Amino acid sequence: MTGPLLDKHREKLDAAVAACASREHYSAYDESPSPRVYGESAAAEGKAAFEAWLGTSFPLTTAGSDGRVATERSPYGFDLEITYPRAHDLDALLAAAQSGMRAWRDAGPDGRAGVCIEILERLHTRVFELANAVQHTSGQAFVMAFQAGGAHALDRALEAIAYAWVEMTRTPRTAVWEKPGRVPLAMEKTFTVVPRGVALVIGCNTFPTWNSWPGLFASLVTGNPVVVKPHPSAVLPLAITVAVCQEVLAEAGFDPALVSLAAEEPADKLAAALAVRLEVRLVDYTGGNAFGDWLEQNARQAVVFTEKAGVNTVVVDSTSSFAAMCANLAFSFALYTGQMCTAPQNVYLPAAGVATDDGVKSPAEVAAGIAAALDRLLGEDARAVELLGAVVNDGVLARLDAAGARGRVYVESRAVTHPAYPDATVRTPTLVGLTAADSDVYEQECFGPVAYLVETAGTQESIGLFRETVREHGAMTAALYSTSEEVVQRMREAALDVGVALSENLLGAVFVNQSAAYSDFHGTGANPAANASYTDGAYVASRFRVIQSRRHLP
């Protein structure tokens, strides 16, 4: 039985399933915040809705909570002063999460898919509010917050639902099994999708919705209750998410506690306490290596999906358009101040120079080309802030300040004054020249607006360093610039060997740190940076089991 909500959203689900199969372009949610798309008043109403939360108590109930917490400060320079229930009694929290599991399980794949897509539709109606919430908790510029934190996050969530629905419906609900023979046998068999247990989603500071919604909806649509543990600095986007989930679940006749918020003070270390509870059978995590490794080693009762840190690499051999290559790299370095797990860090290039349409360019000349492109992008503060956003935390600043201690600083970072938020911390990227011998520097992730131009003995060494770095430290992305088909083939083989997605000769409006839902896989699960991918069958299929019963037919 499909239920009225899946009937309502069937066309959207079918389109998402088809797009995942074809890998062609599809988007269910428009990425443009234009009034021509969303209406003349949508932007103002969304901003007003966000501002109305400031200094208030967010109206959510968390089972077993004790007191309230307010932990968010906008990277644009002001405290949000929003309070949330402070999770305390984990027994009560997890018992409440499990109380509605049976009815949610019995809704079946179609029933759950309809409810989950309805949640996405409700979130979409609040996309401007969410964009402001993402902007002022992550530091993303508004348009990026609208796109990555709103429309693209919704598409990634729908993609996860589509993949999960395909996997859950691969097996029929019932079947008649007949074995011919002198004494024929006939049996009726029933197959039920059964959830694993409570799912824990551990949110991150930089992409609170984009990185949380795929795991949240992959677990929820497969029948698992979800406890959402937001980063203390980025609670509001996920509090809104949980509120919408609870609203739709209740309207559909299910227990709203199937999705709960677990807010905390940073010292509470709630994620670690929840992750090892026996009731928790699924964990989704985005963040640093230390805690990600700890989860993989200690949350043994759960299936753990991690996206951690890696060292993203660009190999520059040659290019058909020097100016376009420099412009593309400059944009990738500058976007959201490099505070993306997909942002490029290391650029390997021959010390002898790079063959281009404008002659052979030395490493210093490549750096000058990138510097000129950065200046065109970021020379005017009012324009620069719309690409850079704001620095998310002091750790990024500390790494930026220390980046020039080794090597040659080709491009210095500068402070940018935000015209609307004078207390915002905004910095441009720095570009530092190193040699292949400086591996102790460039083989570590330097999260933030830091890029290294690493001189090598030649493209063969560049590809070798790429192999070593990704094999040892992982990567979410890799890129190549070369006019040689032989070099392209060698780099493709290297990327396959170390398990990282490769972008080749990006010269236009596609950038290595961006990916498209339904077509691009985010992460591969095949190198140390992540053990999962948004989204493939493996990301959803282990969130449920199929349990059968069988009986003789007369």
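This is a predicted model: local features need pLDDT of at least 70, side-chain atom pairs count only at pLDDT 80 or more; totals for chains, interfaces and linings use all residues.
## A guided tour of the helices, sheets and loops

Helix α7 passes helix α8 in a right-handed crossing.

**Stop 1: helices α7 and α8**

Select residues 127–138 for α7 and residues 142–168 for α8. Two packed helices are described by the angle between their axes and the distance between the axes. Here the axes come within 8 Å and cross at roughly 115°. Angles of 65 to 115 degrees count as roughly perpendicular, and α7 and α8 are therefore roughly perpendicular to each other.

Next, show the side chains where the helices meet. On the α7 side, select V127, F128, A131, N132, V134 and Q135. Their counterparts in α8 are F142, A145, F146, G149, G150 and A151. Sorted by class, the residues of this contact comprise 8 nonpolar, 4 polar and no charged.

**Stop 2**

Select α9, residues 213–221. How many of the residues of α9 are buried? The count is 9 of its 9 residues, and the helix is mostly covered. The buried residues are W213, P214, G215, L216, F217, A218, S219, L220 and V221. Then select G223, which follows α9 and has a positive phi near 105°.

The residues that make the contact are R112, A113, C116, I119, L120 and L123 from α6, together with W213, F217, L220 and V221 from α9. By class, the contact of α6 with α9 holds 9 nonpolar, no polar and 1 charged residues.

**Stop 3**

Strands of a sheet pair through backbone hydrogen bonds, either parallel or antiparallel. Select β5 (174–179) and β21 (544–552), and then β6 (residues 185–195). These strands form an open sheet in the order β5-β6-β21, and the pairing is antiparallel. β5 and β21 stand at the edges with a single partner strand each, so one side of each has no neighbour in the sheet. On average, neighbouring strands of this sheet are turned by 30° against each other, direction ignored.

Which residue of β6 stands opposite W177? The residue is M187. In the same way, K179 stands opposite L185 in β6.

**Stop 2: the sheet of 7 strands**

The next sheet is also open, and its 7 strands follow the order β16-β17-β18-β13-β12-β19-β20 with mixed pairing. Select the edge strands, β16 (408–411) and β20 (502–504), each of which pairs on one side only. From one strand to the next, the twist averages 25°.

Continue with β19, residues 478–481. β19 and β20 run parallel and are joined by 3 bridges. L480 has E504 in β20 as its bridge partner.

Helix α18, residues 459–473, packs on this sheet. α18 touches β12 (313–316), β13 (346–350), β18 (450–456) and β19, and its direction makes about 155° with that of β13. Select helix α19 as well, residues 485–498. α19 lies across β12, β19 and β20, and runs at about 165° to β20.

**Stop 3: backbone details in the loops**

Most residues other than glycine have a negative phi, and most peptide bonds are trans.

- Select Y336, in the loop between α13 (322–334) and β13. Y336 has a positive phi of about 50° although it is not a glycine. Is Y336 buried or exposed? Y336 is buried, with a relative accessible area of 0%.
- Select N505, in the loop between β20 and α20. The phi of N505 is positive, near 50°, and this residue is other than glycine. N505 counts as partly exposed, at 29% relative accessibility.
- Select Y534 and T535, which are joined by a cis peptide bond with omega of about -20°. T535 is placed in the loop between β20 and α20 (537–541).

Note on methods. Residues are numbered from 1 along each chain as its sequence is written. Side-chain values use heavy atoms; hydrogens and water are left out. Axes are lines fitted to C-alpha atoms, for helices over the stretch in contact, and angles run from 0 to 180 degrees between N-to-C directions. Helices (H or I, at least four residues) and strands (E, at least two) are DSSP runs, numbered from the N terminus. Angles under 35 degrees count as roughly parallel, over 145 as roughly antiparallel, 65 to 115 as roughly perpendicular and the rest as oblique. A crossing is left-handed if the near helix is turned anticlockwise from the far one by less than a right angle, and right-handed if clockwise. Contact means heavy atoms within 4.5 Å. Ala, Val, Leu, Ile, Met, Phe, Trp, Tyr, Cys and Pro count as nonpolar, Asp, Glu, Lys and Arg as charged, and the others, Gly among them, as polar. Two strands pair if DSSP finds at least two bridges between them. Buried means under 20% relative accessible area, exposed over 50%, partly exposed in between (1.4 Å probe, protein chains only).
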